[in-house]
Amino acid sequence: MKRCTTTALGSVAALALLAGSASAEQMNLKMATSWGGGLVMERQAKAFAEQVEFLTDNELKIEVFPSGTLSSYNTVGEAVRNGVADLGHTFDGYNWGDNKALALLSGYAGGLNAEQLIHWLYYGGGQELYQEFRLEEFGTITFPCGISPREMGFHSTKRVQTLEDLKGWKVRTSGIWAEISKGLGVSAVVLPGSEIYAALERGVVDAVEWAQLSVNKAQGFHKVAKYLIMPGFHQPAAVGSCHFNVDVWNKFSDRQKKIVEIAAREMSLAFYQFVGHEDAYAYQFYLESGNEIVVLDDAVLKKGRELAYAWADKTAAEEGGWFQKILDHQRAYEKAWANAYKYRDSVKPAAVPK
């Protein structure tokens with residue numbers, strides 16, 4: 001699969017041409033997802049399905065199923081590979097236990113930030129690496145199709161700020177952070193999204209991590225947890241992924257395959273921009289809702305990154321193979337961005353003139 005390198009305006013023109021081609025026989029497809037609802041379901045999974053339908057003039061008609069129907073939240077890829085679903089939308093970090101390289105590709109504490117990740121995927125060779133890995137190891141055709149910026153942190157019923165505060169803190173989490181956070185003394189509790197609110201409300205956990213400020217608004221965590229612990233050092237970026245069954249993919253025409261590729265890329269950038277826009281207003285929303293913003297000490301952030309790097313180094317030595325290959329590729333790209341703070345908005349902005 002050739003990497004799409006069209007510009008934003010070029011993509012619009014390309015999409016118009018692709019959509020204007022002669023129609024073919026309609027294919028009805030089933031999409032399994034990891035989501036019971038919420039913005040990720042609406043703005044990533046369903047939005048991607050609608051985009052593909054529109055651009056193919058309904059040649060590819062996609063029915064989106066919530067978690068628990070065609071698959072559980074963490075078996076989407078398996079359902080797609082086995083033909084239970086034709087395609088799926090998930091967060092590959094849920095399945096890091098099956099292959100730890102999935103943590104690197106879905107975003108993790110020691111990895112690329114969202115801006116770096118977007119560039120790595122679409123211009124640095126990351127998408128091709130992702131696709132080769134998924135096809136070889138899991139037998140699916142895969143595209144990133146929903147990139148999220150840094151998560152907001154944690155909704156917590158307890159005020160935590162220092163390394164000492166974190167000891168024994170019960171946090172709902174998922175992915176590789178459940179393992180890395182043990183080094184901070186955190187008690188990690190792995191739960192699917194559908195069970196998070198109840199666990200927080202009933203005191204099963206002291207805090208939850210889920211997504212960004214604006215995405216979390218609809219979940220209502222702020223109603224039962226007073227403190228917003230920031231920043232989300234556990235997840236500097238996250239990648240939603242769309243997986244296609246190989247036999248289904250091979251039935252698509254070349255034009256339909258290109259439309260899927262372009263729609264996935266557009267969805268990645270659209271979600272990133274949507275969340276960034278909404279987060280700008282969500283911060284004030286939480287303040288007005290009576291929440292207290294707590295910024296973690298620098299010592300916590302430093303320790304978290306050290307633990308993440310140590311985990312990646314240790315895992316690379318143990319696993320080798322794809323993990324080592326992807327880790328080396330990402331770190332080389334991160335090194336190329338080492339001076340970005342000098343010419344991009346990575347420093348504190350100047351005061352606004354009065």
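Partly exposed here means a relative accessible area between the 20% limit for buried and the 50% limit for exposed. Keep in mind that this is a predicted model.

View 1. Tyr-197 has 28% relative accessibility, so it counts as partly exposed. Phe-221 comes in at a relative accessible area of 1%, so this one is buried.

**View 2. An edge-to-face pair, Phe-143 with Phe-244.** Start with the overall tally: there are 20 aromatic pairs in the model. In this one, the ring centres of Phe-143 and Phe-244 are 6.5 Å apart and the planes make an angle of 85 degrees, an edge-to-face arrangement. The two come from distant parts of the chain, 101 residues apart: Phe-143 sits in strand β4 (residues 140-148) and Phe-244 in strand β10 (residues 238-245). Phe-143 and Phe-244 are both buried.

**View 3. A stacked pair, Tyr-197 with Phe-221.** Back to the residues of the opening view: the planes of Tyr-197 and Phe-221 are at 25 degrees and their ring centres 6.5 Å apart, so we call the pair stacked. Here too, distant parts of the chain are linked, with Tyr-197 in helix α9 (residues 196-201) and Phe-221 in the loop between α10 (213-217) and β9 (227-230), 24 residues apart.

**View 4. A cluster of aromatic residues.** Phe-143 and Phe-244 turn up again here, in one aromatic cluster with Phe-48, Trp-249 and Phe-252.

**View 5. Charges over rings.** Arg-43 lies over the face of Phe-274, 3.9 Å from the ring centre. Over at Phe-285, the charged end of Lys-217 sits over the ring, 4.5 Å from its centre.

Notes
Residues are numbered from 1 along each chain as its sequence is written. This is a predicted model: local features need pLDDT of at least 70, side-chain atom pairs count only at pLDDT 80 or more; totals for chains, interfaces and linings use all residues. Side-chain values use heavy atoms; hydrogens and water are left out. Rings of Phe, Tyr and Trp (its six-membered ring) pair if their centres lie within 6.5 Å; planes under 30 degrees apart count as stacked, over 60 as edge-to-face and the rest as tilted. Helices (H or I, at least four residues) and strands (E, at least two) are DSSP runs, numbered from the N terminus. Buried means under 20% relative accessible area, exposed over 50%, partly exposed in between (1.4 Å probe, protein chains only). A charge sits over a ring if NZ of Lys or CZ of Arg is within 6 Å of the ring centre and within 35 degrees of the ring normal.
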